[in-house]
Amino acid sequence: MTTQELIAQIRKKKSFLCIGLDVDLNKIPTYLLKEEDPIFAFNKAIIDATHHLCVAYKPNTAFYEAYGIKGWQSLEKTIQYLNSNYPEIYTIADAKRGDIGNTSTMYAKAFFKDLAFDSVTVAPYMGKDSVEPFLAFDNKHTIMLALTSNEGAFDFQTKEVDGKELYKQVLETSKGWKNSENLMYVVGATKAEYFAEIRKIVPTSFLLVPGVGAQGGNLQDVCKYGLSEHVGLLINSSRGIIYASNNTDFAAKAAIKAEELQKEMAVILEEV
């Protein structure tokens, strides 16, 4: 999916909501455990109930890897279901990969070619040659960690090196990499006050923003500083939506929570 196609979907749906499909078998309704594939059954129900309210889904691969080969099969079925039934939806593999060049190339093939995701999250710590292999794929995006929402973010990301915070140096350096137009960035919602500074460096790039909802991030604050001319935001909510209920009405309750965010976004988009 191209950036322009993503922007068109945002405008059409009046939403820049991304729903995280982080499936924990200990949290889903117990009756689903009788299904042949409980993870896929859960995802399918969530997707069918919310696809008209969001523009993206983001499975965190750890929640699938934890269940071995069956988990990977559930992930594959989920993405195949999305691509077949809702091809307008943008898909994000939240895998946080990053390694030496030839290894990154194989990671990129796994997510872009085999699983057919539109994008994948990567860690930039190893630098240019660990990220550029992901950027080489046409109409695919690489979503690089920039400033995360966890407590440990302050261990490195905001430390000053030669008078400038490290996350700013990462952003500025990445703009010079080959095919950098295919880059997006992860910026945590709980760091809303940093968005104005980030927009000075990457004024038009899309930012994937986790942390709204269960982690305490505020949508209004993020949009105040983070919106770009073409929206430029994908706001992710996972637990706050998919675990709104653990009863038979879980999908309907998820849709209610998703719609609450979508309606807020529709009001905000009227002003952009």
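Predicted model: local features only at pLDDT ≥ 70, side-chain atom pairs only at ≥ 80, totals over all residues.
Okay, let's start with the helices. Helix H2, residues 38-50, packs with helix H4, residues 68-85, at an angle of about 25 degrees, and their axes are 9 Å apart. Under 35 degrees counts as roughly parallel, so that's what we call H2 relative to H4. As for handedness, H2 passes H4 in a right-handed crossing.

Who's actually touching? From H2 you've got Ile39, Phe40, Asn43, Lys44, Ile47 and Asp48, and from H4 it's Ser74, Lys77, Thr78, Tyr81 and Leu82. If you sort the residues of that H2 to H4 contact by type, you get 5 nonpolar, 3 polar and 3 charged.

Next up, Ser237. It's in strand E10, which covers residues 233-237. Is Ser237 buried or exposed? Buried: its relative accessible area is 3%. Skip the neighbours within four places in sequence, and Ser237 still has contacts with Cys18, Ile19, Gly20, Val212 and Leu261.

Lys96 has phi near 50 degrees. Lys96 sits in strand E3, residues 90-97, and is partly exposed, with a relative accessible area of 41%.

The other one is Asn179, with phi near 65 degrees, again a positive value in a non-glycine residue. Asn179 is in the loop between helix H8 (166-174) and strand E8 (183-187). Asn179 is partly exposed too, at 25% relative accessible area.

Notes: Residues numbered from 1 in each chain as written. Heavy atoms only, no water. Helix = DSSP H or I, 4+ residues; strand = E, 2+ residues; numbered from the N terminus. Buried < 20%, exposed > 50% of the residue type's maximum accessible area, 1.4 Å probe, protein only. Contact = heavy atoms within 4.5 Å. Axes fitted to C-alpha atoms, helices over the stretch in contact; angles between N-to-C directions. Parallel < 35°, antiparallel > 145°, perpendicular 65-115°, else oblique. Left-handed = near helix turned anticlockwise from the far one by under 90°. Nonpolar A, V, L, I, M, F, W, Y, C, P; charged D, E, K, R; others polar.
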